[in-house]
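Hi there,

Here is the structure I promised to pass on to you. Have a look at it first, and then read my notes below.

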Amino acid sequence: MNSSSESSKARKRRREAEIEDDGDGNGNDNSEIDSLEDCLTFSDTLVALRMMRVQFPNIDKVSIQPFILQSQLYSTLKDRTEVDRELECLKREKVVRVFKLNTGQDDHAIMFLDDYLKQIDHVISRFEERMQLGTGIFQWFKTHVLDCKLEPSIGHQELCTLLSRGGKVKDEDISLLINAGLLGRKELISLLKRTKYKEMMMTSLQKKRLRFSSLDMRFHIRDLIGSGYLRTVQSPTGLLVQLSKD
């Protein structure tokens, strides 16, 4: 075994040790009461991803595995180039999956691979409960697409080609995958627009409740800081959140 491999394993063990006591990974800790001002920045991409996974809000009656927006990573780590480099390594090592979101903007979501596989299994169970046929396409997807396609998106023809390794692919199979597949962002921006100077103290903003999003305020604040819609300024009374663009 070469030294670079040993170094990589040592870094992985150090990262895991750093986050071992930070929660159970299911969003069931007390992190919701922590101030975002105290945990806005991290020094390592994997540590940041794991911490934000732990802090992913519990959503009643919605069965979705935790995910992190790439913009949230940008808001918590100073070097975006390093984030992109480390994220690419995590994709190649099949630790995470990255998805292009259908928002009309360059938005991406990140999910740990284990969580993504659990999400697929949940979708299969849901379809089977409804007595819908054709769920075998999901197994083909796990077997023939996930292992060889690491990019955030895939074209229709390439998807069909990869899936056909499992058997004959029908149009309804592709539709089933697609159908299984950000009001909160707009609401938060609108809230700040209504203030006199388009700004609010972080401590006050965190206490606000969003009417049109099941995700918590911290989730959306991180997203909007990383995507450039909000900026933070240190003031004598604490961290101030300002609207930087409409």
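A word on terms before the details: helices (H or I, at least four residues) and strands (E, at least two) are DSSP runs, numbered from the N terminus. Two strands count as paired if DSSP finds at least two bridges between them.

This is a predicted model, so local features need pLDDT of at least 70, side-chain atom pairs count only at pLDDT 80 or more, and totals for chains, interfaces and linings use all residues. Residues are numbered from 1 along each chain as its sequence is written, and side-chain values use heavy atoms, with hydrogens and water left out.

Overall, the protein has eleven helices and six strands. Of its 246 residues, 44% are buried (under 20% relative accessible area; exposed is over 50%, partly exposed in between; 1.4 Å probe, protein chains only). Its accessible surface is about 14,500 Å², and carbon and sulfur atoms hold 48% of that (Shrake-Rupley method, 1.4 Å probe; for residues, only the protein chains shown count as cover).

A hairpin links β5 to β6 through two residues. β5 (residues 230-235) and β6 are antiparallel, with six bridges between them, and R231 sits opposite Q242 of β6. Strand β4 (residues 199-201) also runs antiparallel to β6, through three bridges; there M200 faces V241. Strand β6 (residues 238-243) is mostly covered, with six of its six residues buried.

Elsewhere, three strands form an open sheet in the order β1-β3-β2, paired antiparallel. β1 (68-69) and β2 (96-100) are the edge strands with a single partner each, so one side of each has no neighbour in the sheet. Two bridges join β1 to β3 (residues 108-112) in the antiparallel sense, and L69 has A109 in β3 as its bridge partner.

Helix α4 (residues 80-92) lies across β2 and β3, at about 115° to β2 (axes are lines fitted to C-alpha atoms, for helices over the stretch in contact, and angles run from 0 to 180 degrees between N-to-C directions). What does α4 meet in α2? The α2 residues are T45, L46 and L49, and they meet E82, V83, E86, L87 and L90 in α4 (contact means heavy atoms within 4.5 Å). The axes of α2 (residues 45-54) and α4 come within 9 Å and cross at roughly 75°, which makes α2 roughly perpendicular to α4 (65 to 115 degrees; under 35 is roughly parallel, over 145 roughly antiparallel, the rest oblique).

Best wishes
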